[in-house]
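Thanks for coming. I have one structure to go through, and here it is on the screen.

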Amino acid sequence: MNDSDIMRLIRRSPSEGHRALFDEYYNYVYAIVLNTLRNVGTKEDIEDCVIDSFADILINVDTSTEGSLKAFIGTVAKNKSISAYRSLRRKSSGSTSFDDEELGNIPSGEDVAASAENSAAAEQLIEHIRQLGKPDSDILIHKYFYERNSREIAAMTGLSPAAVRIRCSRALKRLREKLAGDYSVKESV
Amino acid sequence: MKNEKDIFDMLHSADDNTIENIAEEFPQYDKNEADRIYREVEKRIAMKTGDFHEDAVSGVEHIKNRPVWIRPLALAASFVLIAGTVAGSIALMKNAMPDKNTQSAAVATTQTTMKKEDIDQDYIIALTQNCTDSFDRLYAKYTVDRSDDLSDYDNNHSEYELQLDKQNAFKWSKSTDRTITCYDYQYAGRNLTVIPEEGICNVQNANSPLESDLNIYLNRADTLNSDTKDKWSITGYDTVCGKECAVVEYKENHFNAEKESNFSAEIFIDIKTGIVMKEIADYDSEGSDCHNECIVTEIRYDDEAGDFVTPPEFKKFIEDGNYTIDYLGNDHYERVDKDLSFLDMPQGQQTSTADATSSSAVTAAETATETETVSATEAETVPVTGSETEKVTEAETAPPATQALAEIDQDYILDLVSNNKSSINRLYAKIKVTSENYVEAEKKDIKYIDDKTIQYDKNKDCFCEYNDETNEHYAGDMIIYKGKIVAAYKWNNNYHIISNLAPGAVTDNLDLYIRGEYPSVTLDQLLAQKDKWSMTGRETVNGKDCAVIEYNNNDHGLLEAPVKYILYIDIKTGIVIKCNRTYYDNALRKEIASISTFEITELKLNDDAPALEPSDFKKYIVDNGFKPENEESKDISFLDE
């Protein structure tokens, strides 16, 4: 279901439309929030922020216009997760300033050049993971990005937890081999 | 890359695009988890706004946009959400309840000679299901004390005063809590909320029944019904505020399947009317406790109810208070005409004035004939004395056609667009909508093309829309008729019916297209944000002499992305013929993020427009072999009526 379908559905039946929007963008919002809060929040904190993000999204979604739904949702999710990051950091250390300009770069907090380098490296890494094929690529992403355990990944992929662990181990080995060439100059593998 | 931690760190430093790719390519969607989180989202919405979908807890389709409400009702609504989770929605219960005629007899009996020993569960059910039928006029004062771990308003005390006049179809209420006092008035399809502390009077379409306030605290038809008989019992009798009451105890454990949760309530039901005179309710769920006490302190019915605040009196109250007329909530809620002249109308003689902009007909308004639906606003701006055809003729030959650009000011444009429905009896239009997203600089990605044909018939109160199925984003076809939508989809050859439409669905859909609201700025934004737009020229578009206006907004809600609209408005009809919308990149605030266009490529009005026959849509469904999605959607014979 695309953005326009969702908008139309919301106009016709708000509850159905809202659920459709949620289903379509749940992964997107979860990924944004997870990536911001993973170092400071628990799984419950992340879920709470996802819930808060969607509440604001569904309250404020403008059904009189078309397009840009993803941009809107992404912005809300990002703003919410940055707020949650601030709040969680204050709770844990009491040191984060409201005026901290670096908050825009959460979670890396590094300079622009380093961020760009990291992003490029991350994209390259994902390309290598993609080349591993399914289900290995799914297993690695769920383990290292979504931080799911073997049991959870097993439930999603239809494999046994033991099989997930074995495949993960082998996939990781293959991934290292792929990455070895890319990073042989910069790092000792 | 030394170890797993490097992979971990690298993935976590991914930028937005990479995250987006991961989310899209490697979804971690788990249905059960998503269902659970979505339920939490619904609760959070209820807590934040007091708005919730009754169908979300009941499964009953129910289209409504409840307002971002005043605080006392927000509290009430969040409680109702919890209570609704226990017993399902009012709508569901009403569908499930026994034949109303047989119950009315029970109620009539009660009001005369009912003995306590004869009062059983069936009697209480009949009583509560029909409690709003037991009076024509009601005056009530009641208090609500609430403590809630989930709420920001712990230990809140609220006082309510309610005047409900079913005969003359209006409702007045006053609610006060520790922070705010609100006056609420519902009449002729409009709902007005005056908040003296803020100096405003919010106006919107009335999307809820006149009895909605009553249903929040003083009516438990949703809780005490035949489906819940095993959860409650009559435990005694008591007198509250001079009314003899049956005391009902309701208990339900584990009503939230996700966690340990219990709900209990002691409800005092007036055995003559079924009104809840007192209720003490508790909900606890793994440490989250909610306690609610409602007590009626004064109640009178019909002739004893006393004098009520009439519509003209409420209008005077607004004028005397010098309150700013505004819209409620945000863009999530539909916008309506701010004209309060509908309050001038004498009681009992309401016509569907609200149809001037939204067709929000309710109760008495629904009985008005189509010929009566020219509002005060329309009468002022498009004076007509003859038939609708004459009206169109006059509108099309009136001075606007030769209006010099210098004479067309903002107010003129606003009047023109505000009243553009007034000259339309029948409409046929072909529309093209496109949207181009600029994924990266200079990389244009046409995401969306939508070709559609719309038809409207005022007398039949019918709107129909056919979309081009060859478009990638074909969104189905639909007709709105007799309070229902029939939507058909060629991608799966299915169709379904959506019932219980909010009033005004037909004209709301029409407005989307003839006011350019579908891709564009709403009329209400134009009204409220005059500083953001101006006339920039005059241009002929598809043979129509159009005024060109440009609207710029650098603060577009949460998105905060600058946006620019260019609207081309037919100066004869006030119909928005074309609109270009440009969103700019949110971060840089200068690069174009997307461009959308809306254009009516063909327009036929009134006698020139082909007739809209609802039966044609039925034929369309039959000819294309569409199948009903469910049992309830099988019968589309109403399209022949």
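In chain B, buried residues make up 46% of the 641 residues. Buried here means that 20 or more other C-beta atoms lie within 10 Å of the residue's own, exposed means 12 or fewer, and partly exposed is in between, with C-beta atoms placed from the backbone. For chain A the buried share is 44% of 189 residues.

Before I go on, some bookkeeping. This is a predicted model, in which local features need pLDDT of at least 70 and side-chain atom pairs count only at pLDDT 80 or more, while totals for chains, interfaces and linings use all residues. Residues are numbered from 1 along each chain as its sequence is written, and chains are lettered from A and ligands numbered from 1 in the order in which they are written.

Next, the make-up of the chains. Chain B has 17 helices and 24 strands. Chain A has eight helices and zero strands, so the order of its elements from the N terminus reads α-α-α-α-α-α-α-α, where helices (H or I, at least four residues) and strands (E, at least two) are DSSP runs numbered from the N terminus.

Contacts come next. Two residues are in contact if their C-beta atoms, placed from the backbone, lie within 7 Å. Among contacts in chain B between residues at least 6 apart in sequence, 62% join residues at least 24 apart. In chain A, residues 24 or more positions apart account for 56% of the contacts with a separation of 6 or more.

Now confidence. The predictor gives the complex an ipTM of 0.74 and a pTM of 0.38. Per residue we have pLDDT, the predictor's confidence on a scale from 0 to 100. Chain B averages 70, and 64% of its residues score at least 70. Two stretches of chain B to treat separately: pLDDT stays under 50 over residues 51–113, for which the model has 155 contacts beyond four places in sequence, and also under 50 over residues 329–334, with 18 such contacts.

Chain A averages a pLDDT of 73, with 75% of the residues at 70 or above.

On to helix packing. How do H2(A) and H3(A) pack? Helix H2 (residues 14–37) and helix H3 (residues 43–60) of chain A meet at an angle of about 135°, with their axes 9 Å apart. That makes H2(A) oblique to H3(A). The axes are lines fitted to C-alpha atoms, for helices over the stretch in contact, and angles run from 0 to 180 degrees between N-to-C directions. Under 35 degrees counts as roughly parallel, over 145 as roughly antiparallel, 65 to 115 as roughly perpendicular, and the rest as oblique.

H2(A) passes H3(A) in a right-handed crossing, where right-handed means the near helix is turned clockwise from the far one by less than a right angle, and left-handed means anticlockwise. From H2(A), the residues in the contact include A:Phe22, A:Tyr30 and A:Leu37, and from H3(A) they include A:Asp45, A:Cys49 and A:Phe54. By class, this contact has 12 nonpolar, two polar and one charged residues. Nonpolar covers Ala, Val, Leu, Ile, Met, Phe, Trp, Tyr, Cys and Pro; charged covers Asp, Glu, Lys and Arg; the others, Gly among them, are polar.

A:Asn27, A:Tyr28, A:Ala31, A:Ile32 and A:Asn35 meet B:Ile19, B:Glu20, B:Ile22 and B:Ala23.

Is A:Thr36 buried or exposed? With 26 C-beta neighbours inside 10 Å, A:Thr36 counts as buried. Its C-alpha atom is separated by 9.9 Å from that of A:Lys80, 44 residues apart along the chain.

Last, two backbone items in chain B. B:Asn322 has a positive phi of about 55° although it is not a glycine. B:Asn322 sits in the loop between helix H10 (311–320) and strand E12 (324–327), and counts as exposed, with 8 C-beta neighbours inside 10 Å. B:Asp461, also not a glycine, has a positive phi near 50°. B:Asp461 is in the loop between strand E14 (443–457) and strand E15 (462–467), and is partly exposed, with 18 other C-beta atoms within 10 Å.
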